[in-house]
Amino acid sequence: MTSLPTDLDSFSQTVKHLWQRMNPCTLCPRNCKVYRSKGEVGFCGIARLPVVSSVGPHFGEESVLVGTGGSGTIFFAGCNLGCIFCQNFDISHHRCGHKVTIEKLAQSMLELQRYGCCNINFVTPTHVVPAIVAAIELARKNGLSLPTVYNTGGYDSIETLKLLHGYMDIYMPDMKYSDSKVAQQLSAAPDYPEVNQEAVKEMHRQVGDLQVEKGLATHGLLVRHLVLPDNFAGSFEIIDFLAEQVSPKTTINVMDQYRPCYKASTQPKINRRPTLQEIESVRNYALDKGLNVLD
Ligand code: SF4
């Protein structure tokens, strides 16, 4: 396996800037300030090389991302959030996977394209964007033409996002909470609501509302919101924010699949599934506000 390039000359200034932001690391709002190129790790638990847990076509994503060939997902291990209800805790918290180089990452994208996938979907990318952007440059030089999807938990810093402009066609952030105390309790990120809202505004500034051609998303913003029991996520405030401060035409997926996983049973308020009525009330509220709610 070749290592990450110590000489970044063949890459753009953007890649170099991103690399600098990793040493000391201020890539995300945690600002751990560890030297990841020296092997140090911060909150996300990943050092110099990205760790990939799986690569392949995925048919469980939103239909606008799936088409007939599936969404070409690359799942990254580690995470900059600490969600106690994480459904992928073996990947995000236990960091199961294999270290990959930029060259290997670029190769994986081209393989997904050859396989017939509709897009390249980077799952949990925030903490490994320097390698992702470098790999996109390499893959595009070698024929990658698919849209790219930034599939994030939504805890992203503006400075880093600005460097992604032109590299990501579709931003698909979570908007998890509108309340700081809840964000602290469930994800160890008390500043999540304000950081997340600013991040979503920046994403929309870059790519605008979601554009769909022949049933497939080509670029734009697609927000995911997971409904929690008893409106614990603050769903209505999130919808208000989108309608009033981002765009009344925002596309949103109101997700109904919450179930208590990982350590969720330690928190009585979220130790059950949301009811159908709770989910429908959020969905109807979003429709009433005029948002484009996915089926
Ligand atoms: S990317 Fe990881 S190491 Fe860097 S600031 Fe975020 S959590 Fe910390």
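Student: Into how many nonpolar, polar and charged residues does the lining of the largest pocket divide?
Tutor: The lining of the largest pocket has 14 nonpolar, 14 polar and five charged residues. Ala, Val, Leu, Ile, Met, Phe, Trp, Tyr, Cys and Pro count as nonpolar, Asp, Glu, Lys and Arg as charged, and the others, Gly among them, as polar. This is a predicted model, in which local features need pLDDT of at least 70 and side-chain atom pairs pLDDT 80 or more, while totals for chains, interfaces and linings use all residues. Residues are numbered from 1 along each chain as its sequence is written, and side-chain values use heavy atoms, without hydrogens and water.

Student: What makes a space a pocket or a cavity?
Tutor: On a 1 Å grid over the protein atoms alone, a cavity is a set of points where a 1.4 Å probe fits but cannot get out, and a pocket is an open set with protein on both sides within 12 Å along at least five of seven lines; lining residues have an atom within 4 Å of a point. Grid points are joined across faces, edges and corners, and a volume is the space filled by probe spheres set on the points. The largest pocket comes to about 860 Å³, and the second largest pocket to about 170 Å³.

Student: Which residues lie nearest the centre of the largest pocket?
Tutor: Of its 33 lining residues, these are Asn88, Asp174, Lys176, Arg224 and Met255.

Student: What is said of the ligand's place?
Tutor: The ligand sits in the largest cavity, so more than half of its atoms lie within 2 Å of the grid points there. That cavity has a volume of about 90 Å³. Among its 14 lining residues, Cys25, Cys28, Arg30, Cys32 and Cys44 lie nearest the centre.

Student: Which residues surround the ligand?
Tutor: Among them are Arg36, Phe43, Asn80 and His127; to count, a residue needs a heavy atom within 4 Å of the molecule.

Student: Why is Asn119 called buried?
Tutor: Buried means under 20% relative accessible area (exposed is over 50%, partly exposed in between; 1.4 Å probe, protein chains only). Asn119 has 1%, so Asn119 is buried. Ala77, at 0%, counts as buried too.

Student: What makes the pair Asn119 and Ser71 a polar contact?
Tutor: A polar contact is a pair of N or O atoms within 3.5 Å; within protein, one must be able to donate a hydrogen and the other to accept it, and residues adjacent in sequence count only if both atoms are side-chain atoms. The side chains of Asn119 and Ser71 are joined at 2.7 Å.
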